[in-house]
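Please read them with the structure open.

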Amino acid sequence: MCIRDSFPPAGSVGSRGSSTTTASPTTAGPSSVASFDVTQIPDATSQALATDIIAVVIRVTDKRKRDAIEKSANELFNRLKAGSVSQPVLSGLGDFVAFIGTPKSKEAWRRLSDGHMAEIQSFINLKFL
């Protein structure tokens with residue numbers, strides 16, 4: 001089972017995981033990360049991570065929040081393409097993404113940031129997923 005299969009339908013998750021069914025003026029339009037070609041990333045594990053991140057990002061309905069997250073996601077994707085993300089950070093990001101939508105995601109992000117802040121600084125807004 002892929003991580004993204006466990007998420008609610010697009011548009012049903014608002015800030016902090018609360019359900020929302022109404023659109024607001026700040027509702028985000030099409031996602032820029034949705035068009036990212038994950039095959040540009042040479043490593044299959046990193047491709048899977050990018051795919052799972054995209055699946056979560058496109059469900060963020062608040063435009064300002066999604067814009068900040070997309071900027072961080074694109075930075076991460078560029079680093080993944082260049083192969084400049086260490087294995088411990090990849091592993092930590094995988095744990096974080098696996099727990100998105102649960103209280104464990106905060107713990108996973110804290111472990112990642114405590115041990116690798118310098119490396120994750122450029123894509124730190126992913127913590128808002």
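1. Basis. This is a predicted model, in which local features need pLDDT of at least 70, side-chain atom pairs count only at pLDDT 80 or more, and totals for chains, interfaces and linings use all residues. Residues are numbered from 1 along each chain as its sequence is written, and side-chain values use heavy atoms, with hydrogens and water left out.

2. Fold. The protein has 4 helices and 0 strands, in the order α-α-α-α. Helices (H or I, at least four residues) and strands (E, at least two) are DSSP runs, numbered from the N terminus.

3. Burial. Of the 129 residues in the protein, 36% are buried, meaning under 20% relative accessible area (1.4 Å probe, protein chains only).

4. Helix H1. Residues 44–57 form H1, which has 14 residues and reaches 20 Å from first C-alpha to last, close to the 20 Å expected at 1.5 Å a residue; the expected span is 1.5 Å times one less than the number of residues. Its buried residues include Leu49, Ile53 and Val57. Helix H2 (63–82) and helix H3 (87–99) are among what covers the buried residues of H1.

5. Ile53. Beyond its neighbours within four places in sequence, Ile53 is in contact (heavy atoms within 4.5 Å) with Ala73, Leu76, Phe77, Val97, Leu126 and Leu129.

Conventions. Buried < 20%, exposed > 50% of the residue type's maximum accessible area, 1.4 Å probe, protein only.
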